[in-house]
Amino acid sequence: YEIAKVLALRSSMPGFEVKIPDPYFIGVYEVSQIEWKIIMKKNPSVFDEAYMQKNTNAHPVEHVSWKDCKKFITKLNKKDKGKFIYRLPTEAEWEYAARGGNKDDISWPEIWKTAVTGVQTPATKGSKEPNFYGLYDMLGNMWEWVEDKYNAKIFADTSSSGSIHEHVIKGSCFYGDVKNATYMTHAGGKGKRYDIGFRLIIEKVN
């Protein structure tokens, strides 16, 4: 215990405050396979109908890279031109939404109620309870891409000045455990994997 405490203190970093200048709307759910298919005309997901042997339209889309998500968003913005603007959340926006008003780290009992973790396949959207803001699957089910570049550190930085080849993923995934299913987790992703999806920020055009 004493050694663990020393190692934890050595690795710890002071927190920092982030100001989000404008209100924003964030998706209640992760982008689904059917939503992706409507815009992109195909489903890249590993856990598709053929794999799951059932309808997966309500499952989150996965096996999409950060660049794939940006292409999806570009097409979506062209389709809804003049109504809304869609984009990826920043890490700060994502974390604020995931916290659901919590100032401290999320408790394990709350993770068990809200997060799809420790299972072999992803679940349909909204299969667990929402957080305080009414958002589903912010933790567990799928890692989620955000706009920021990864800084190759354990924790987020005050600015996103990391490698251009990797971007931040947040929230852990369906096979993860409770210790990683936290809004503080700051990981890096590159390419596409069967455990990474995303959700959108929606801004109304004035």
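What percentage of the 206 residues of the protein chain count as buried? The share is 42%, where buried means under 20% relative accessible area, exposed over 50% and partly exposed in between, with a 1.4 Å probe and protein chains only. The model is predicted, so that local features need pLDDT of at least 70 and side-chain atom pairs count only at pLDDT 80 or more, while totals for chains, interfaces and linings use all residues. Residues are numbered from 1 along each chain as its sequence is written, and side-chain values use heavy atoms, with hydrogens and water left out.

The overall dimensions are as follows.

| Property of the protein chain | Value |
|---|---|
| Radius of gyration, over C-alpha atoms | 17 Å |
| Box of the C-alpha atoms along the principal axes | roughly 55 × 40 × 35 Å |
| Accessible surface (Shrake-Rupley, 1.4 Å probe) | about 11900 Å² |

The radius of gyration agrees with the value near 17 Å that a compact globule of 206 residues would have, the globule rule being 2.2 Å times the number of residues to the power 0.38. Carbon and sulfur atoms hold 57% of the accessible surface.

The protein chain has six helices and seven strands, which are DSSP runs numbered from the N terminus (helices H or I, at least four residues; strands E, at least two). Three strands form an open sheet in the order 1-7-2 with antiparallel pairing, two strands being paired if DSSP finds at least two bridges between them. Strand 1 (25–26) and strand 2 (84–87) stand at the edges, each with a single partner strand, so one side of each lacks a neighbour in the sheet. Strand 2 is joined to strand 7 (residues 201–204) by four bridges, and Phe84 stands opposite Lys204 in strand 7.
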